Amino acid sequence: YYKVAAYAGTPSTPTYIQGAYSAVSGAKPVFTTPTLTAALNTTTNVGLSWTNVPAGGYEVERSVSSGSGFTVITAVASAATLTFADANPVKGKTNYYRVRAKGVAADGKTYYGAYSKVVSVRAGWPTLTLTVAAASHAGIKLEWNAAAGLSPSKYVVQRGLRSDMADAISISGTVSVIGDIASFTDSSVRLDTTYYYRVRAQETATDVSAWSGTKSAKSALGTPTITVTSATNHSLYVDWKAVPMADGYLVEYSYKSGGPFSRECTVNVNASTGAVTSVNAAYGAQVNADGAGYRAAVYGDVGETIYYRVSAFFNRGSGSATVRVDSPYSAVKGAAPKAMALTSATFTRGVTTNTITWVDPATIYSGTYEIYCATGTSTSYVKVGEVSATKNSFVHYNIPNTTAVKYRVRSCEKNLYTNKLFYSPYINATQFGLFAAPASLRSSPQPQPPAELPKRQR
């Protein structure tokens, strides 16, 4: 209790004057209210901390209701202790906490401050939601929501071949936890097999969560990725990357992007080495391993787009019991074969005649060669001749050897189905005086198209 009086002067002197005391007034000291926070240390351990206030100690209370039922779970005797770990929260429930300061007065009585604001945290095992993140020949990847604070080694993953999990067994492997997502890859799968999975958290043999829902996934070959590019020589290149564990590939074509598709070839490979072991080609396709994948050289009419798709397959079983299992088809890709491009051309000069010779990589199926000439300093070429596809030379008459000349040649081919004409790029002829072109210019590169252009199913 307190009272106050005013005075003037210095006490114990004649000039000192003191007024009357005020009325007596009193108050009881109170504690500052601490601020409380709560967070999960593990799924079954709640970490609590609060701000420091002048006090002799603290009391921490817990309830499963936000407004009632609080009981003391610890009495902290030291004012310097500002944390507490609740190792026994009510599992599967939201736990509510509050804290207050306390102290013992001179009269021996214990006094308490106001409670902090109530904070809450859900303790115990969460409901694990299992999903299939990926499924392929390499394995089946599972993901689920991670339980806070739980070691990755504390999850149990089970696999079965029945949807009721009656045959489920626990499978070993490494669980990875990134952020709040746990993942596990089952690499011990067989191709074309449907598996069922479930997962649960396990702190001890008896402290376990409920099983997640069951999810199914089927291991399968990967889908090939292809490209189709135009080439001269009536050919297209169909390229695709190797699919691990594949025993072969099915290559199909169509003249319409949406199909229907027909078989171009079946490519059998060694599943271990990837080497091509045999090719069953309906239209003369040539297939070779090409780095990490394969290239099929296929042939068709010039100027007409042919569409392709590829699937991988593996053979399950053996002998008469062998069953071919296919992957999904690749995306459809297409391109049009180009007219035959000449590889080289030369000309030799006589007194009044010039002989132009050219080399093509293979036979023109239906078409001609066109020869053009420019004289003097002119850059304007004039067509001076056209010969059948069976020839590879042309004689230009009545050209004095005093006249400067330049020649170029191109092929002209007709699509056997549409009868449209298509032209190769021009190739300039190199002069070799009175001598024939060297034999090195007459070589024919691979691949070689078949002797007869395939009459494809349309």
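Two strands pair if DSSP finds at least two bridges between them. By that rule, S26 and strand S28 (residues 333–335) pair in the antiparallel sense over three bridges. Strands here are DSSP runs (E, at least two residues), helices are runs of H or I of at least four residues, and both are numbered from the N terminus. The model is predicted: local features need pLDDT of at least 70, side-chain atom pairs count only at pLDDT 80 or more, and totals for chains, interfaces and linings use all residues. Residues are numbered from 1 along each chain as its sequence is written, and side-chain values use heavy atoms, leaving out hydrogens and water.

**Overall form**

- The chain has 37 strands and zero helices.
- Its radius of gyration is 45 Å, whereas a compact globule of 458 residues would have one near 23 Å. That radius is taken over C-alpha atoms, and the globule rule is 2.2 Å times the number of residues to the power 0.38.
- Along the principal axes, the C-alpha trace spans about 150 × 80 × 35 Å.
- Of the 458 residues, 40% count as buried. Buried means under 20% relative accessible area, exposed over 50%, and partly exposed in between (1.4 Å probe, protein chains only).
- The chain exposes about 23800 Å², and carbon and sulfur atoms supply 52% of this area. Accessible areas come from the Shrake-Rupley method with a 1.4 Å probe; for residues, only the protein chains shown count as cover.
- Contact means heavy atoms within 4.5 Å. Among contacts with a separation of 6 or more, 60% join residues 24 or more positions apart.

**Nonpolar cores**

- A nonpolar core is a set of buried Ala, Val, Leu, Ile, Met, Phe, Trp, Tyr and Cys residues joined through side-chain atoms within 4.5 Å.
- The largest such core has 29 residues. Val 238, Trp 240, Tyr 249, Val 267 and Tyr 308 have the most contacts inside it.
- Two or more residues each come from strands S19 (226–230), S20 (235–241), S21 (248–254), S22 (262–269), S25 (293–299) and S26 (306–316).
- S26 gives the largest share of this core, five residues.
- Another core, of 21 residues, lies apart from the largest one. Leu 150, Val 175, Ala 182 and Phe 184 are among its members.

**Strand S26 and its partners**

- Seven bridges join S26 to S21, and the two strands run antiparallel. Tyr 253 has Tyr 308 of S26 as its bridge partner.
- The hairpin of S26 and S27 has six residues between the strands. Gly 317 takes a positive phi near 90° in this hairpin.

**Strand S29**

- S29 (residues 344–349) is mostly covered, with six of its six residues buried.
- In a regular strand the side chains alternate between the two faces of the sheet.
- Both faces of S29 are covered. Ser 344, Thr 346 and Thr 348 are buried on one side, and Ala 345, Phe 347 and Arg 349 on the other.
- S29 runs antiparallel to strand S30 (residues 354–359), joined by six bridges. Thr 348 has Thr 355 of S30 as its bridge partner.
- The hairpin from S29 to S30 passes through four residues.
- S29 pairs in the parallel sense with strand S37 (residues 430–431) over two bridges. Thr 346 stands opposite Thr 430 of S37.

**A four-stranded open sheet**

- The strand order is S14-S13-S17-S18, with antiparallel pairing.
- S14 (169–170) and S18 (215–218) are the edge strands, each pairing on one side only.
- Strand S13 (residues 155–160) pairs with S14 over two bridges in the antiparallel sense. Arg 159 stands opposite Ile 169 of S14.

**Thr 129**

- Thr 129 is found in the loop between strands S10 (119–122) and S11 (130–136).
- Beyond its neighbours within four places in sequence, Thr 129 is in contact with Glu 143, Trp 144 and Asn 145.
- Val 199 is 70 residues from Thr 129 along the chain, and their C-alpha atoms are separated by 8.8 Å.
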